Amino acid sequence: MTSTNRSAHTNEEMFVLISTPNLVYRILTPTESGVVFELPEFDPHPAQAPGEGRIQLSFTTMSNDPFAQMKATQREGWAFFAPLELLTTPAAFKLVRFAGVQPGEKVLDVGCGTGVVAVTAARFGATVSGLDLTPALLEKARQNAELAGVSIEFHEGDVEALPFKDAAFDVVLSQFGHIFGPRPSVAVGEMLRVLRPGGRIAFSTWPPELFSGKFFTLMSSYLPSPPAGAAPPVQWGNPDIVRERLGDAVTGLTFDRDILYTPGMSPEHIINLFERTGGPMIKLVESLKSEPARLKELRSAFRAIIDLSYRENQLHQSYLMTRATKK
Ligand SMILES: C[S@@+](CC[C@H](N)C(=O)[O-])C[C@H]1O[C@@H](n2cnc3c(N)ncnc32)[C@H](O)[C@@H]1O
């Protein structure tokens with residue numbers, strides 16, 4: 001008997017395929033701590049196998065997450081976000097202060113990107129973990145932590161399946177990050193699960209009626225429809241929806257608003273910046289390269305949204321901050 005142990009996150013299914021031209025074994029044994037594959041006895045040199053009696057073993061990971069494809073696309077788009085860290089850095093300070101992060105507290109930054117919130121919280125004296133879907137940004141986050149002289153554990157992962165124990169953190173933060181988890185109930189369930197009772201959850205989000213909300217809504221009108229059950233990220237910018245989503249699990253729900261500024265020499269300068277760095281915008285522009293008329297239409301619709309919030313060489317992006325205490 002040959003056996004292989006592979007750790008895997010509990011919501012992922014893994015299959016092992018042993019294939020020769022004549023047969024395929026597919027064995028799956030999930031356990032609580034991972035997945036155990038038990039391969040039956042087999043003859044490594046069957047008479048009918050080609051390649052001078054060799055058998056090819058291939059290990060394939062297949063996910064049962066219905067949003068896996070959507071998340072893979074997000075991961076590719078967000079990989080170019082790093083230059084925008086300079087814009088989100090001031091907002092990170094405001095979120096950390098708004099959450100009341102104290103020295104010694106255990107803090108998680110969900111959708112940490114290049115670590116702007118995580119590094120700020122660590123500089124407040126907290127013990128910080130950061131998690132993000134996008135490996136390229138985590139690499140930059142590690143460099144940023146090193147530059148700041150702080151030690152932070154960064155994890156590649158998904159807000160919908162946080163790889164942490166229940167009640168592991170005093171504070172769970174997210175700056176424009178958790179909103180991209182397609183199922184709000186799953187994301188909020190996970191963020192509250194890893195938060196201790198009495199701990200604080202705080203996040204910054206984009207109101208649908210303001211610049212960034214309009215920007216995401218415009219983009220989604222050009223992109224293929226997301227899988228059924230995926231909620232638009234900008235819903236998280238509506239205080240009524242936030243109240244409903246956090247529900248009875250929290251107390252002391254508090255909102256505040258602030259503004260994030262994007263400098264630009266002209267509206268076109270800002271359009272160009274977003275087309276090079278703005279997550280889903282990059283893929284959208286790429287996909288419209290073969291349809292110049294639609295690309296032109298997108299750019300002029302984008303320009304019209306920018307015009308509403310562009311003053312004194314800056315785009316003014318108002319946003320919502322939410323804070324609550326877990327019961
Ligand atoms: C707008 S960026 C914000 C990054 C950072 N928090 C900041 O303020 O600069 C959104 C981030 O969410 C991450 N993200 C998207 N979907 C995610 C998911 N399902 N789980 C965790 N992170 C996700 C992206 O990789 C990206 O880093």
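**Figure 1. Overview of the predicted model and its confidence.** pLDDT is the predictor's confidence in each residue, on a scale from 0 to 100. The protein averages a pLDDT of 85, and 81% of the residues score at least 70. This is a predicted model, in which local features need pLDDT of at least 70 and side-chain atom pairs count only at pLDDT 80 or more, whereas totals for chains, interfaces and linings use all residues. Residues are numbered from 1 along each chain as its sequence is written. The protein has 11 helices and 14 strands, taken as DSSP runs numbered from the N terminus (helices: H or I, at least four residues; strands: E, at least two).

**Figure 2. The stretch of residues 1-62.** Over residues 1-62 the pLDDT stays under 50, and for this stretch the model has 72 contacts beyond four places in sequence; two residues are in contact if their C-beta atoms, placed from the backbone, lie within 7 Å.

Figure 3. Buried residues make up 36% of the 327 residues in the protein, where a residue is buried if 20 or more other C-beta atoms lie within 10 Å of its own, exposed if 12 or fewer, and partly exposed in between. A nonpolar core is a set of buried Ala, Val, Leu, Ile, Met, Phe, Trp, Tyr and Cys residues joined through C-beta atoms within 7 Å. The largest such core has 73 residues, of which Leu95, Ala121, Val172 and Leu173 touch the most other members. Helix H4 (residues 116-123) supplies the largest share of this core, 6 residues. Leaving out residues up to four places away in sequence, Leu95 touches Val117, Leu173, Gln175, Ala202, Ser204 and Met321.

**Figure 4. The surroundings of Ala121.** Ala121 lies in helix H4 and is buried, because 30 other C-beta atoms are within 10 Å. Apart from neighbours within four places in sequence, Ala121 is in contact with Val96, Val101, Val107, Asp109, Ala126, Val128 and Leu173. Ala121 and Leu173 are 52 residues apart along the chain, and their C-alpha atoms are separated by 9.7 Å.

**Figure 5. The crossing of helices H2 and H10.** The axes of H2 (residues 68-78) and H10 (residues 280-287) come within 7 Å and cross at roughly 95°, these axes being lines fitted to C-alpha atoms over the stretch in contact, with angles run from 0 to 180 degrees between N-to-C directions. H2 and H10 are therefore roughly perpendicular to each other, a description that covers angles of 65 to 115 degrees. Thr73, Glu76 and Gly77 of H2 meet Pro280, Ile282 and Lys283 of H10 in this contact.

Key
Parallel < 35°, antiparallel > 145°, perpendicular 65-115°, else oblique.
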